[in-house]
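Take a moment to look over the two chains. The paragraphs that follow walk through them one part at a time.

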Amino acid sequence: MYRYDEFDQRFVEERVAQFRDQARRRLSGALTEEEFRPLRLMNGLYLQLHAYMLRVAIPYGTLSSAQMRKLADISERHDRGYGHFTTRQNIQYNWIKLEETADILAELASVQMHAIQTSGNCIRNVTSDPFAGAAADEFEDPRPTGELIRQWSSLHPEFSFLPRKFKIAVTGSPNDRAAVKAHDIGLRMIRNEDGDLGYEVIVGGGLGRTPMIGKVIRGFLPKAELLPYLEAVMRVYNLHGRRDNKYKARIKILVHEMGEEPFRKEVEREYARLDVESLAAPAEEVERIQAYFAPPALENLPEESKAFERARTADPDFRIWAETNLHPHRAPGYTSVVISLKPVGGAPGDATAEQMRVAAEAADLWAFGELRVTHEQNLVLAHVKKDDLYPLYRKLAGAGLDSANRGLVTDIIACPGLDYCALATARSIPIAQRLTERFADPKRQRDIGPLSIKISGCINACGHHHIGHIGILGLDKAGAEFYQLTLGGDPTETAAIGERAGAGFSAEGVVDAIERLVDRYLEIREPSETFLQTYRRTGAESFKDALYAEAG
Amino acid sequence: MPLLNEKGLQEEIWRELEDHEPIPLEGDVIVPQARLEEALAAPRTGRTGVALPNTIEAETLQPLFNRLSLITVEFPGFGDGRGFSIAKRLRGLGWRGELWADGRVIADQLAYLRACGFDSARIPEDLFARQPLEDWLAAAKTISAAYQTEERAPGVASILEQRKAARAARG
C-alpha cells in the first residue's frame with residue numbers, strides 16, 4: 001500500500017498546524033463561526049446532534065494494521081471506545097471535543113493519516129473496490145488511480161469551494177463493487193481496442209433527494225489524461241453548478257438540467273482549452289505511486305488447501321462462515337476474507353477498540369498487515385492463505401467478528417440516523433438491529449440468499465437506500481417516525497434506483513413488512529433466483545400485494 | 001478598502017467609479033462591466049479597470065484585454081468559489097494584467113487565490129478589522145508545498161518538483 005514520503009508527511013503536519021491556528025482564530029473571534037465552519041468541515045469535523053463528529057479519511061478504503069491500531073487508540077482516548085466505519089470507506093468518531101481535535105489530527109498524522117476533505121464542499125475521499133489488487137475478476141488495480149486523485153485533489157486551490165460536495169469512485173473490475181454509477185464522477189478502468197489502458201468516465205450519479213444513475217460522458221479516456229480531464233469536469237461544475245439551492249447544487253442536477261449532450265460538449269470545450277501536458281501527472285510520478293501497490297510476496301500454492309478442508313468438515317460454524325465471507329482471490333490457494341461488522345443486534349459498521357486491535361493482529365499474522373474498509377461497512381483482509389483460514393476464523397470469533405452474513409439479509413447498511421445525526425428525521429440503527437434479530441437464524445439467512453437492505457434516516461440517503469435491493473427511508477410524519485420502502489435498487493454495473501413501494505410503515509410495522517416481502521420472494525422465486533432477479537422478473541406488483549394486502 | 005497579498009498591504013491607486021458618475025477622462029478608474037464600453041470609448045488618459053461579476057463568461061472579455069489594466073472579480077461570499085475558476089480562465093486566455101479578488105474572501109483563502117492567478121484581494125474594512133494583516137501573512141505560508149502541477153501561490157513549492165529533486169540527489 002501507499003506510504004508517505006517526507007513531502008506527504010510534511011504536508012499533513014503543516015495541515016495539522018494550520019487547523020490548530022484556525023481553531024485559535026475561531027476562539028479569538030478573528031474567524032466567525034460561519035467562516036470557521038467550512039474550514040473545520042474540510043478537516044473532517046462535523047457538528048452533530050450531541051457532539052462533534054470527526055470523520056477520518058481511509059483513502060480508497062486501504063489501511064495498515066498500525067493505522068488500525070491508532071484508530072483503536074483514538075477511540076479510547078478521545079471517544080467512547082468504538083468507531084463507526086462508513087459507506088464511504090472512512091471511520092467516524094461520534095463523541096469528539098473541539099479542543100482535542102488538533103491533537104487527534106496530529107496523532108493521525110503520526111501514522112500517515114488525515115481527515116482532509118472528508119466533509120465540506122470539496123472533492124471528498126476517493127473510494128474504490130475493497131478487493132482491489134486481489135480480486136480474481138480485476139484486470140487493473142484501481143488504487144494507484146485513487147492515490148493520484150487523492151494527492152491532486154488535496155487542498156486544490158480552485159476546487160475547495162465548490163457548489164456542493166464531490167465524490168469520486170474508481171473500479172478496476174467489470175463487476176462494480178464501488179458503486180461508481182452512484183457517484184459525482186465514477187471511473188471504470190477499461191482497455192480500448194488497441195489494448196491501451198484508460199477510463200470510462202461517468203458523471204452525475206448520486207443518491208440524496210434526487211437519486212440518479214451517472215451518465216457516460218467519455219467512453220474512453222487515455223490513462224495519462226485523467227487529471228486534466230477531471231480538471232475540465234470540475235471547472236465546468238464550479239462555474240455552472242447551482243448555488244441558489246443546496247439541494248440542487250450537486251453535479252447530477254447540472255448534468256440533468258443542461259442535458260447530457262450539452263454538458264459533454266461543455267466539458268470537451270473546456271478540455272480543449274487546457275494545457276493537457278502540464279496538468280497531467282508526470283509519468284515518473286505515476287510509476288512511483290504504482291510501485292507501492294505491487295502485489296505482496298504470495299507463495300505458489302495449490303488451489304485446494306487440506307487444512308481448510310479438514311477444518312470445514314470438523315467445524316460446521318466455520319463451514320458456514322467460509323461459505324459466505326470469502327471472496328475469490330486471483331492467486332491459487334489464497335482468498336480474500338470479509339470481516340463482518342454486522343452482528344445480530346449490533347449497530348452496522350461499529351467496531352470497538354478491541355475489535356479493531358484483533359482485526360489488526362489478524363492482518364499482521366495472516367494478511368500482510370493490511371486491511372480494507374468496504375462501502376458495505378465491513379472490513380476485508382485481501383490476501384489470506386486458505387491454509388490460515390481456520391486460525392484466523394478462531395481469532396475473529398473470539399472478538400465477535402465472525403458473523404457469517406456477508407451479502408445476506410442481516411448485512412445491513414445503515415446511516416447513524418437520529419441517534420447521532422442532526423439532519424436525521426428518524427432512527428436507522430434500531431431498525432437495523434431489530435431486522436438482524438428477526439432474521440438471526442443462519443439457516444434462514446442462507447436460504448434467503450443475497451439480499452441487501454439499506455437504511456437511511458433521512459432524505460439525504462447516507463444509508464444508500466435507493467440502491468438497496470430493499471431500501472428503507474426513515475421520515476418524520478407529524479412527530480412520529482415512519483419508514484418508506486423502495487424495491488429493486490442495485491449499486492453494481494447493472495445499477496438501478498429502487499422504486500417506491502407505496503405508503504410507509506411505522507417503526508413497529510416496518511420489520512413485519514420486510515418479512516412479508518422476504519416471504520413473498522421465497523414463495524415465488526424460481527430455483528437459484530436471487531431476490532433482485534425475482535423482482536426484476538416479476539415486477540413490483542406481487543411484492544406490493546404482500547406488503548399491503550392485509551391493510552386492504 | 002484594503003488591498004493585500006502575501007507581501008503586505010498594496011497601495012490603493014485605483015478609484016472606483018461611483019453610481020451615475022460621468023466617466024472621468026483622467027486617473028485610473030475601475031468601472032462596472034455595464035459601463036466598460038462607454039469608458040473605453042471615452043478619450044481617457046488614465047488606465048481602465050473593470051469590475052466583473054462572478055457569473056461572467058471570461059471569453060467575452062478577451063478581445064478587450066489589451067485595452068485594460070486591471071480586472072477585479074466579485075466574491076459575494078467566501079463560500080462562493082466561482083471566482084477561482086474565472087481567474088484560471090482569464091489567465092488561460094492570456095490575461096497578463098492585474099487581477100484582484102474583490103469581496104469577502106478570508107485569510108485562509110489567500111494562497112488559493114494567488115495560485116489561481118489573482119494578484120491581490122480587496123476586502124471590506126470590517127473583515128480587515130477582524131482579520132488583520134498578520135493573519136493574512138501567516139495564512140499564506142502555513143502550507144509550504146502543494147501537490148498540483150500547475151497552480152501554486154508564490155512561495156509555495158511543488159511537491160512533485162521536490163520529489164524529482166530528491167530523486168536526482170539520491171542518484
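Which residues in helix 2 of chain B are buried? They are R82(B), G83(B), F84(B), S85(B), I86(B), A87(B), K88(B), R89(B), L90(B) and R91(B). Buried means under 20% relative accessible area, exposed over 50%, and partly exposed in between, with a 1.4 Å probe and protein chains only.

Before going on, some ground rules. This is a predicted model: local features need pLDDT of at least 70, side-chain atom pairs count only at pLDDT 80 or more, and totals for chains, interfaces and linings use all residues. Residues are numbered from 1 along each chain as its sequence is written, chains are lettered from A and ligands numbered from 1 in the order in which they are written, and side-chain values use heavy atoms, leaving out hydrogens and water. Helices (H or I, at least four residues) and strands (E, at least two) are DSSP runs, numbered from the N terminus.

Back to helix 2 of chain B. What covers its buried residues? The cover includes helix 6 (226–240) and helix 8 (260–273) of chain A. It also includes strand 6, strand 7 and helix 3 (110–115) of chain B. Contact means heavy atoms within 4.5 Å. Helix 2 (residues 82–92) lies across strand 6 (70–75) and strand 7 (98–103) of chain B, and runs at about 160° to strand 6. Axes are lines fitted to C-alpha atoms, for helices over the stretch in contact, and angles run from 0 to 180 degrees between N-to-C directions. Just after helix 2 of chain B, G94(B) takes a positive phi of about 105°.

Now the sheet in chain B. Eight strands form an open sheet in the order 2-1-8-7-6-5-4-3, with mixed pairing. Its edge strands are strand 2 (8–9) and strand 3 (15–16) of chain B, and each pairs on one side only. Two strands pair if DSSP finds at least two bridges between them. Strand 1 (residues 3–5) and strand 2 of chain B pair in the antiparallel sense over two bridges. Here L4(B) stands opposite L9(B).

Chain A has an open sheet of five strands, in the order 3-14-15-12-11, with antiparallel pairing. Strand 3 (62–64) and strand 11 (326–328) of chain A stand at the edges. Each has a single partner strand, so one side of each is left without a neighbour in the sheet. The twist averages 35° from one strand to the next. Strand 14 (residues 370–373) and strand 15 (residues 379–385) of chain A pair over two bridges. R372(A) stands opposite V380(A) in strand 15 of chain A.

Next, a helix pair. The axes of helix 17 (residues 509–524) and helix 19 (residues 541–548) of chain A come within 9 Å and cross at roughly 135°. The contact residues include R516(A) and Y521(A) of helix 17 of chain A, and F543(A) and L547(A) of helix 19 of chain A.

Last, the cysteines. The structure holds zero disulfides over all chains; a disulfide is a pair of cysteine sulfur atoms within 2.5 Å. C122(A) is buried, with a relative accessible area of 0%. The sulfur of C421(A) is 6.1 Å from the closest cysteine sulfur, in C458(A), also too far.
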